[in-house]
Amino acid sequence: MKLNIGNRIKELRRSKDITQEEFAEYLGVSYQSVSRWENSVCYPDMELLPIMADFFGVTVDSLMGVDDAIEKEHVKRYLDEFQNAISVGDISACIEIARKGANEYPNNYTLLNRLMFALFVAGDDDGNIPDWKENRQKYDDEIIRIGERIMKYCPDPDLRLEATARLAFQHCEMGRKKKGREIYETLPTMERCREHNIWWALEDDEKLPFLREKIRNEYNNLRSSIWLLGESGCLSDKESLAVMMKLYDFQKVIADNQSSLDTWGEARIPFVIAEIYMRLNDTASAFDYLNKAAQAAKQFDERPEEQQQSSIILGDVIVNRTDFQTSDTRTLCEIMKETWLSDKEFDSIREYAEFKKIVLSLE
């Protein structure tokens, strides 16, 4: 197997945020030697390898780049375990898994990105994490450090942009909106992104799968934007209701009159519509959409391990049960019963028989 020691030295040195001159001084060699190693002109002397590996906190094999296959296998195992844990809201396990993986492979940016994400989610106030406030403060510095490291050194542009956006979000969540805005401003505009421009370079057999994937991604982004508009508080209740109703019907328009595979959203959207109807004093319509939300919540909790759907616009869509990511260990029925329905909007109908029936249906 070809040695990748030059690239590994460069990657590890940059992860330590030191110059070639500083690394050379530590090893007692010239900085020209370090430069030649990193450009694969020559290899370092064998006696230096243990010293370098110890300095970077890696094995000699890893330093030499000869165990890539083993690393990929181990990383995949960590990522699978992480996804299984987050699909059921076990954030503590997510942090433990990601931290263990990042400790074993300190320069694997995929694992570092997952660790950053888990630490961020640990401060989610929308789940059932009792220490979320403390977690926001406790993990703030670590999230920032990891995010800045990925931004600076990660060679994967997608991972780098994902971490950049999350880093900006973290600053905003912690009250540092100005800093968050500065980071957000560094992100590329939609008009300049790969998906909007690569079409002209595609071969004929690449065009259909590319378009379908692009539409699916833009469809999800559009749904999120419409949701934000309806929930923004910038519109009147009647306007918000009109927006949420269009969102509720949007999936069927796109997916040939089929229900959404996002059954969590299929529960949450009608529930929000019911809340708006309550504010508009239309209890009959509110009950109608509460029943729809309850039914969708039950469908979500009973969803199969894999769901598949096909439509002319979206193509074939497959959703696995473990694809779902949450910070709440409860079932959706429990969340609706214990959290959503506790909203003050429903105080005036809490003793109605129909309301109690809905609550009972969620047990």
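Is E363 buried or exposed? In this predicted model, E363 is exposed, at a relative accessible area of 64%, where exposed stands for over 50%, buried for under 20% and partly exposed for values in between (1.4 Å probe, protein chains only). Residues are numbered from 1 along each chain as its sequence is written. Because the model is predicted, local features need pLDDT of at least 70 and side-chain atom pairs count only at pLDDT 80 or more, while totals for chains, interfaces and linings use all residues, and side-chain values use heavy atoms, with hydrogens and water left out.

Side chains of opposite charge can pair when their charged atoms come close. With a salt bridge defined as a side-chain nitrogen of Lys or Arg within 4 Å of a carboxyl oxygen of Asp or Glu, the count comes to 23. One of these links E363 to K337, with the closest N and O atoms 2.9 Å apart. E363 lies in the segment after α18 (353-361) and K337 in helix α17 (residues 332-338), so this pair ties together parts that are 26 residues apart in sequence. Helices (H or I, at least four residues) and strands (E, at least two) are DSSP runs, numbered from the N terminus. K337 is partly exposed, its relative accessible area being 31%. Salt bridges with shared partners also join R114, E162 and R166 into one network.

A further salt bridge is formed by the side chains of R223 and D262, at 3.5 Å from N to O. R223 belongs to helix α13 (residues 204-231), whereas D262 is found in the loop between α14 (237-254) and α15 (263-279); the pair therefore ties together parts that are 39 residues apart in sequence. R223 is buried, with 11% relative accessible area, and D262 is partly exposed, with 31%.

Within helix α1 (residues 5-15), E11 and R8 are three residues apart, which means that about one helical turn separates them. These two residues form a salt bridge in which the closest N and O atoms are 3.2 Å apart. The relative accessibility of E11 is 24%, which places this residue in the partly exposed class; R8, at 13%, counts as buried.

Strand pairing was assigned where DSSP finds at least two bridges between two strands. Strand β1 (residues 306-311) and strand β2 (residues 315-320) run antiparallel and are joined by six bridges. Q307 has V319 in β2 as its bridge partner.
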